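This report describes one protein chain, part by part. Look over the sequence and the structure before reading on.

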Amino acid sequence: AERGLREGTAVIVRGLKKRADLNGLRGVVLSGPGKNGRWEVRLDGKGRGKTTIAAKPANLELVPEEKARRDVMSMVDNMAEKLQSTMLESLIRSHRTGDHDVDVPMEEAARVAVGTFNRALREGDLETVSTMLSDDTQAKVDTLMRIQGTCLECKRVGATKECSLCHRATYCSKACQVQHWPVHKLKCKGRKGKKDKIKA
C-alpha cells in the first residue's frame with residue numbers, strides 16, 4: 001500500500017487488470033479510503049475527458065515530485081518536533097525562577113511561543129518563523145497576540161479587526177486601532193508609499 005495518500009494527492013495508476021488501459025495515467029485523489037479500503041481518484045483521461053475510479057492503495061503510486069514533497073514534509077515535521085522539545089526545555093530552564101506563581105505562567109507562555117514557531121514551520125510561514133527566531137521581543141509578542149486574537153492596544157482577547165495594510169496587527173475596535181496607530185505605523189509592513197490613513 002502506498003503511504004501518503006490523502007485528498008488532493010497526485011498519483012499514477014499501476015497494476016490494474018480489468019482496466020489495464022488506465023495504467024500509467026495520472027490523477028488526483030478525491031476522497032478515501034472508503035469502507036472497502038479504496039480511494040476515489042479522478043484521472044486525466046487522454047482525450048476521453050475526466051474518468052473517476054475507485055482504486056486500492058496498491059494500485060496508486062505517488063508521482064515522483066509528490067513523493068519528494070511528502071518526504072520533505074515528513075522531514076520538516078520530525079525536525080519541528082525535535083526543535084519544539086529542545087526550545088521548550090531551553091526556554092523554561094533559562095527563565096525558571098523557583099517561584100511557582102511566576103514559573104507557571106512563564107512555562108505556559110513558553111509553550112505557546114514554541115507551539116507558534118512549530119506551527120509556522122510546518123505551514124511554511126517563514127515570516128513568523130524568522131520573527132520567533134529573532135531577538136525582537138516586541139515583534140514576538142505582537143505575533144503571538146495576533147495569532148491568539150488579542151487586541152494590541154487594550155490586550156483583550158477576541159479581537160476580530162486587523163490592519164488593512166499589513167493584516168498582521170489585530171484590534172477589538174476602531175478606537176483601539178486609532179489609539180495604537182502611532183506605535184504600529186513605525187513597523188507596519190504594508191504602509192510603504194502610502195499616506196497616514198487608518199482603515200479597519
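Which residue just after helix 4 takes a positive phi? Gly149 does, with a phi of about 70 degrees. Helices here are DSSP runs of H or I with at least four residues, strands are runs of E with at least two, and both are numbered from the N terminus.

## Model and confidence

This is a predicted model, in which local features need pLDDT of at least 70, side-chain atom pairs count only at pLDDT 80 or more, and totals for chains, interfaces and linings use all residues. Residues are numbered from 1 along each chain as its sequence is written, and side-chain values use heavy atoms, with hydrogens and water left out.

The pLDDT (the predictor's confidence in each residue, from 0 to 100) averages 77 over the chain, and 76% of the residues score at least 70. Confidence is lowest in helix 1 (residues 64–95), with a mean of 68, and highest in helix 5 (residues 174–184), at 90. Where pLDDT is low, the predicted coordinates should not be read in detail.

## The largest nonpolar core

A nonpolar core is a set of buried Ala, Val, Leu, Ile, Met, Phe, Trp, Tyr and Cys residues joined through side-chain atoms within 4.5 Å. The largest one has 14 residues, and Leu5, Val11, Val41, Leu43, Ile53 and Leu60 touch the most other members. Strand 3 gives the largest share of this core, three residues.

## Helix 5

Buried (under 20% relative accessible area, 1.4 Å probe, protein chains only) residues of helix 5 are Cys176, Gln177, His180, Trp181 and His184. Seen down the axis of helix 5, they fall within an arc of 150 degrees, so they line one face of the helix; the arc is that of the directions from the helix axis to the C-beta atoms. On the other side of helix 5, Ala175 and Gln179 are exposed, meaning over 50% relative accessible area.
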